[in-house]
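Keep it short and tied to the model.

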Amino acid sequence: MDKTDILSLSLEELSAKILEMGEKKFRAKQIFDWLHIKKVTEFEEMTNLSAQFREELSRNFYINRLIIKKRLVSKIDNTVKYLYELSDGETIESVLMDYKHGAALCVSTQAGCRMGCKFCASTLAGKARDLLPCEMLSQMYESERDSKKILDSVVLMGIGEPLDNFDNVVKYLKILEESGFSLRRVSLSTCGVVDRIYDLAKLKLGVTLSVSLHAATDEKRSQIMPINNKFGLKELMKACDDYFAATGRRISFEYSLIEGVNDSEESAAELISLLGGKNCHVNLIPVNEVKEREFRKSPYVERFQKILLDAGLNATVRRTLGADINAACGQLRRESKKL
Ligand code: SAH
């Protein structure tokens, strides 16, 4: 009989399994705490359970682990980039960032990505598979164990499109919440999978929605982000308004500045006319250069920001972390697989 992946079970699901085994329900809560609060990796460590019960658990369940295949530590700012190997040999990346207010982890949601954004390294070889809830949790738990830091926040901005792996991502978030990690400390970034933004809004999970915009007209956006051919800007903005109305959470728009593509004064004016008057935040990011692509960093980041600020938009420039271990997201995985 195949063992059950215990880290991917919600407390309710775990309780049902424990009752089936003829044990008392409160045991499920004890096990859940061992897994998600104390974050043990072996059933033997669950010392308030009998040896016999621990033995039975290890016959029926397994606790997922990730293997650290590579760890790059920035000498500039302590950013750590992990290349993790999954149980089937697939690889993913997580990035641990050290901010003044605490540690943040950038978590991957898929091995690869099928969204096809032109500037992104993660999508060059397509999607291998979706990640399971346990594999998203394990990125947090392994990174904490390795770094001896406690995570303060999580951004779903690693490899993959979280809304293209909706059920597993929602399950992961629910388990995280049950473990006491407030979902207000989670940001979910999407390239704009509109139908799923509505589904997410209905769940009222309290996560911050980040939308990767990168261009403010359909013509320009479709050139760099294929998803825009399926869901245009009008539909995307409507979904964002709905998310804000349903959750009260201000949307964050990501805008990577690419030389000659979306960094002109005209592009800034287009962005102002798209977002002006909305209660939102614009995060400007100097594009990470990917060697397989010809996109270059814009020299006009400050000029672009000033135009937005002068128009009353709330715009910040994302600080570059780990510049010396750069490898834009998805590149470590690519190199490791020689894709
Ligand atoms: N699929 C999701 C989340 C993963 S990508 C999304 O699209 O939002 C995380 C962020 O990195 C997105 O804003 C994405 O557009 C951006 N990104 C991808 N490649 C980049 C690059 N080369 N330089 C700068 N930002 C990049």
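The largest cavity lies between domain 1 (4-62) and domain 2 (67-338), because both domains give residues to its lining. This is a predicted model. The volume of the largest cavity is about 50 Å³. The count of cavities of 30 Å³ or more comes to two.

Which residues line the largest cavity? They are Leu7, Leu35, Lys39, Val40, Thr41, Ile63, Asn64, Arg65, Ser138, Tyr141, Glu142 and Arg145. Helix α4 (residues 133-147) gives the largest share of this lining, four residues. By class, the lining of the largest cavity splits into five nonpolar, three polar and four charged residues.

Next, the second largest pocket. Its volume is about 160 Å³. Arg114, Met115, Leu163, Asp164 and Val193 are among the residues that line it. Asp195, Arg196, Ile227, Lys230 and Phe231 belong to the lining of this pocket as well. Two helices, α6 (194-203) and α8 (227-230), each supply at least two residues of that lining. By class, the pocket lining has five nonpolar and five charged residues, but no polar ones.

| Protein atom | Ligand atom | Distance |
|---|---|---|
| Glu161, polar side-chain atom | nitrogen | 3.0 Å |
| Ser256, polar side-chain atom | nitrogen | 3.1 Å |
| Thr190, polar backbone atom | oxygen | 3.4 Å |

How much of the ligand's accessible area does the protein cover? On its own, the ligand has 520 Å² of accessible area, and the protein covers 90% of it.

The contacts use both kinds of protein atom. Thr190, by contrast, places a polar backbone atom 3.4 Å from a ligand oxygen atom.

Definitions and conventions
Residues numbered from 1 in each chain as written. Predicted model: local features only at pLDDT ≥ 70, side-chain atom pairs only at ≥ 80, totals over all residues. Heavy atoms only, no water. Polar contact = N/O pair within 3.5 Å; in protein donor to acceptor, adjacent residues only side chain to side chain. Areas by Shrake-Rupley, 256 points an atom, 1.4 Å probe, with all protein chains shown as cover. 1 Å grid on protein atoms, 1.4 Å probe; cavity = no way out; pocket = protein on both sides within 12 Å on 5 of 7 lines; lining within 4 Å. Points joined across faces, edges and corners; volume = space filled by probe spheres on them. Nonpolar A, V, L, I, M, F, W, Y, C, P; charged D, E, K, R; others polar. Domains from an automatic or database assignment.
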